[in-house]
Amino acid sequence: MHNSEVPVLKTSRLSKRFGKRLALAEVDLEIRPGRVYGFLGPNGAGKTTAISLILGLLSPTGGHVELFGLDTRNHLSECLRRTGAVLEGVSFYPHLSGRDNLRVCAAISGGGCESRIGEVLELVGLTARARDKERGYSLGMRQRLAVAAALLHDPELLVLDEPTNGLDPAGMRDFRELVRRLAGAGKTVFISSHLLNEVEQMCDDVGIIKEGHVIAEGPVAEMVHQADVMEMTVTNADAALEVLSQIDWVGLVTRDGSDRLSVEAPRARAAELSRALAENQVYLSELRPRETTLEDFFLEVTSPEDKR
Ligand SMILES: Nc1ncnc2c1ncn2[C@@H]1O[C@H](COP(=O)(O)OP(=O)(O)O)[C@@H](O)[C@H]1O
Ligand SMILES: [Mg+2]
């Protein structure tokens with residue numbers, strides 16, 4: 001990130017208490033322009049609460065939100081003009097077509113965006129069905145229509161609260177493609193989900209929330225490759241162990257089979273590793289980084305202390 005780059009969305013020690021229950025505890029999030037950010041956590045973790053605070057639908061009991069570098073406490077209307085949102089339980093007029101529903105949305109938001117209806121229908125992949133009545137739409141099409149409505153005023157930031165809930169696999173795939181298209185069109189997307197797999201496939205960055213606390217945050221690619229471990233198959237494991245023990249940047253080496261080893265070492269030094277072995281007449285028939293899925297990581301960080 002360029003240091004001069006202003007985050008599109010930033011929360012600072014954002015907190016919300018409902019009576020005795022602390023729903024959100026000093027949450028710091030930072031979402032960079034053009035990124036798809038997954039806000040991942042189990043039900044009841046505080047995702048909807050955070051989104052409601054971000055959109056000014058609730059007021060925090062502590063901390064604050066900045067959108068586009070502007071404090072929402074003083075600039076909420078400008079912030080919301082530049083933001084589109086799809087929250088749970090959106091509803092349209094079932095007897096109107098998709099296009100006519102968007103006309104209604106455009107009129108409610110003060111007109112001016114009628115001219116964008118064709119473009120947003122295209123973007124969400126509903127052009128061919130735009131004249132059909134909404135009551136004949138699948139849940140996935142309804143969700144995409146909701147995104148179209150949120151895009152009418154051409155926002156820079158899109159906030160989506162669990163948009164893939166209840167979708168079948170095809171609906172999820174379509175939605176995933178839509179999100180990637182939005183990112184390609186330069187939008188920043190903040191998307192909450194309790195589905196690890198979805199976030200892994202759809203997002204650039206992820207923040208994991210548990211019981212109101214953000215317990216991990218970072219690029220999905222880094223979360224997926226948490227452990228710098230390479231698995232290798234070698235021609236002579238005994239000789240390989242000898243060679244590896246003499247390289248100071250190699251950590252723990254474990255033998256997984258007669259010719260298989262797991263080696264803790266920086267992934268960027270894979271070529272050096274292979275050359276060091278070859279110089280000692282040990283050859284690799286296979287070398288690959290061990291993939292830890294985001295799900296493994298999620299389970300690891302969310303498991304109770306005593307089970308770790
Ligand atoms: N209006 C409210 N009044 C009291 N408690 C609430 C309210 N809204 C949410 N909560 C509580 O705050 C916690 C977080 O809820 P929520 O933000 O809806 O979680 P998520 O969207 O991650 O499922 C839950 O324990 C929930 O019961
Ligand atoms: Mg929720």
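Me: Which element supplies the largest share of the shell around ligand 1?
Reply: This is a predicted model, so to speak plainly: local features need pLDDT of at least 70, side-chain atom pairs need 80 or more, and totals for chains, interfaces and linings use all residues. Residues are numbered from 1 along each chain as written, chains are lettered from A and ligands numbered from 1 in written order, and side-chain values use heavy atoms, without hydrogens or water. Shell residues have a heavy atom within 4 Å of the ligand, while helices (H or I, at least four residues) and strands (E, at least two) are DSSP runs numbered from the N terminus. β2 (21-31) and α1 (47-54) each give at least two shell residues, but the largest share, three residues, comes from α1.

Me: How much of ligand 1 does the protein bury?
Reply: Polar contacts here are N or O pairs within 3.5 Å. Ligand 1 oxygens sit 2.7 Å from a polar backbone atom of Gly-44 and 2.8 Å from a polar side-chain atom of Thr-48. Alone, the ligand exposes 560 Å² (Shrake-Rupley, 1.4 Å probe), and the buried part of that is 61%.

Me: Is Ala-50 buried or exposed?
Reply: Ala-50 is found in helix α1. The cut-offs are under 20% relative accessible area for buried, over 50% for exposed, and partly exposed in between (1.4 Å probe, protein chains only). Because its relative accessibility is 1%, Ala-50 counts as buried.

Me: Which residues does Ala-50 contact, leaving aside neighbours within four places in sequence?
Reply: Contact means heavy atoms within 4.5 Å. With those neighbours set aside, the partners of Ala-50 are Leu-24 and Phe-39.

Definitions and conventions
A polar contact is a pair of N or O atoms within 3.5 Å; within protein, one must be able to donate a hydrogen and the other to accept it, and residues adjacent in sequence count only if both atoms are side-chain atoms.
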